[in-house]
Amino acid sequence: MLLVKLAVKSLLNRKASALLTLFTIAISVMLLMSIERVRVDAKSSFSNTISGTDLIVGARTGDIQLLLSSVFRIGHANNGVSWKSYQYITEQRGVKWAIPISLGDSHKGLAVLGTNKDYFEHYRFAKKQQLSFSQGHAFNHLFEVVLGAEVANTLGYQLGDEVVIAHGMGNTSFHNHDDNPFKVVGILKPTGTPVDKTLHIPLAAIDVIHGSHSHQHEPALTATDDHDHDHDHDHHDDVDLVGTPKQITAFLLGFDSPLYTLQVRRNINQYKDEALLAIMPGVTLRELWEMLSIVEKILLLFSIVVVLISLLGMLTSLLSSLNQRRRELAILRSVGARPWHIFTLISVESLLITGLGCVVGTALFYALMLLGADYLQSHAGISLNIALLSSYELMLLAAIMVAGFIVGLIPATRAYFYSLADGMSIKI
């Protein structure tokens, strides 16, 4: 305990350099913990871009290709799913809900998704969070559109604005459907998922704007109707908003029990009337993440390098202070301190600096997580888990302490030999 008190007083005597070293270690610990927590939670959030969905069904293609096209709006589906097959599969035993998805149109480079109102009720993201509205409500009439948060923010749309849909995905639009503008009736809260960059319209409207639905010439269903007719629309339920399209891009399924998931998936993959593919989104997301594991490794390597640099900074500080402290060490030797006392003193100093650096760094880490949680959720789709340190994170802190102790052995060993060479060593 006496050596610990001496180490504390010695550090206080050199508080400027000690605080600078401690702060450097604290920053590196904060970066390591933050990068590791974001890495783990990014993987979890990536896997939970869509959650609560048991199966995604589409035309037979690659698992990842179906996932990218239906969930991330990346790429195009080669074929669609016939409406007859959709109805047959959704009527199977155990199916709790189904969400049809029709893609292929766009607005200023952003994806337009045709679906039904079950989408807003059953679609989940992150840790099974439900979609919610920052303004307005879900579509109730044919020519109404619900915007993702980023669509509204980027393009400056508000409730009541009119939106013209174009045929064709991405920035390649072949034809604008100017004769059927859509009225903005809802804006979703940010999710950090592709939902934010998507415009949602009734499934039946897809066929109407392409001129293949019987409601095409029904003015009572357009978004430009007078409010006097609103009560006339109330009897239109979700069936009217779905219609009977020839085919859809894909559909999502939820089941009453996980036991039905594997059974129905096998039946769909063996479906004879049409070449279909059913994937489990969680499994496919993990496969996709494994393809991107190089990014994960780079982040981990970067954080380790930062910690090593900070520990080398502590080593440099302790070594550079030894020459200035030879007088202090000589006084300690003159009052009876042995070389191993000097060795222990320097080792304790390095442990104190490392330990305090870990404590301060952990505090900074939690402060950073609390400040950045909302931003990462809304802009990057990363749902941070602000909880107690995991066993792995505690192991990282322990490894930093051990590394700090090992680094401290170098100046401690040098001080030990200084003590042996000062002419005050007791020869036995």
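Reader: How many cavities of 30 Å³ or more does a search of the whole structure find?
Author: This is a predicted model, where local features need pLDDT of at least 70, side-chain atom pairs count only at pLDDT 80 or more, and totals for chains, interfaces and linings use all residues. Residues are numbered from 1 along each chain as its sequence is written, and side-chain values use heavy atoms, without hydrogens and water. A cavity is a set of points on a 1 Å grid over the protein atoms alone where a 1.4 Å probe fits but cannot get out. The search of the whole structure finds 2.

Reader: How much space lies in the largest cavity?
Author: Grid points are joined across faces, edges and corners, and a volume is the space filled by probe spheres set on the points. For the largest cavity this comes to about 70 Å³.

Reader: Which helix gives the largest share of the lining of the largest cavity?
Author: Lining residues have an atom within 4 Å of a point. Among them are Q65, L66, S69 and H76. Helices are DSSP runs of H or I with at least four residues, strands are runs of E with at least two, and both are numbered from the N terminus. The largest share, 3 residues, comes from helix α3 (residues 63-70).

Reader: Which residues of α3 are buried?
Author: Buried means under 20% relative accessible area, exposed over 50%, partly exposed in between (1.4 Å probe, protein chains only). What covers the buried residues of α3 includes β1 (55-59), β3 (95-107) and α11 (281-291). The buried residues are L66, L67, S69 and S70.

Reader: Is R73 buried or exposed?
Author: R73 lies in the loop between α3 and β2 (81-82). R73 has a positive phi of about 60 degrees although it is not a glycine. At 14% relative accessibility, R73 counts as buried.

Reader: Is K108 buried or exposed?
Author: K108 sits in the loop between β3 and β4 (110-115). K108 is not a glycine, yet has a positive phi of about 55 degrees. With a relative accessible area of 60%, K108 is exposed.

Reader: What arc around the axis do the buried residues of α4 cover?
Author: The buried residues of helix α4 (residues 83-90) are W83, S85, Y86, I89 and T90. They lie on the same side of α4, because the arc they cover around the axis is only 160 degrees. That arc is taken from the directions from the helix axis to the C-beta atoms. The value is 160 degrees.

Key. 1 Å grid on protein atoms, 1.4 Å probe; cavity = no way out; pocket = protein on both sides within 12 Å on 5 of 7 lines; lining within 4 Å. Contact = heavy atoms within 4.5 Å.
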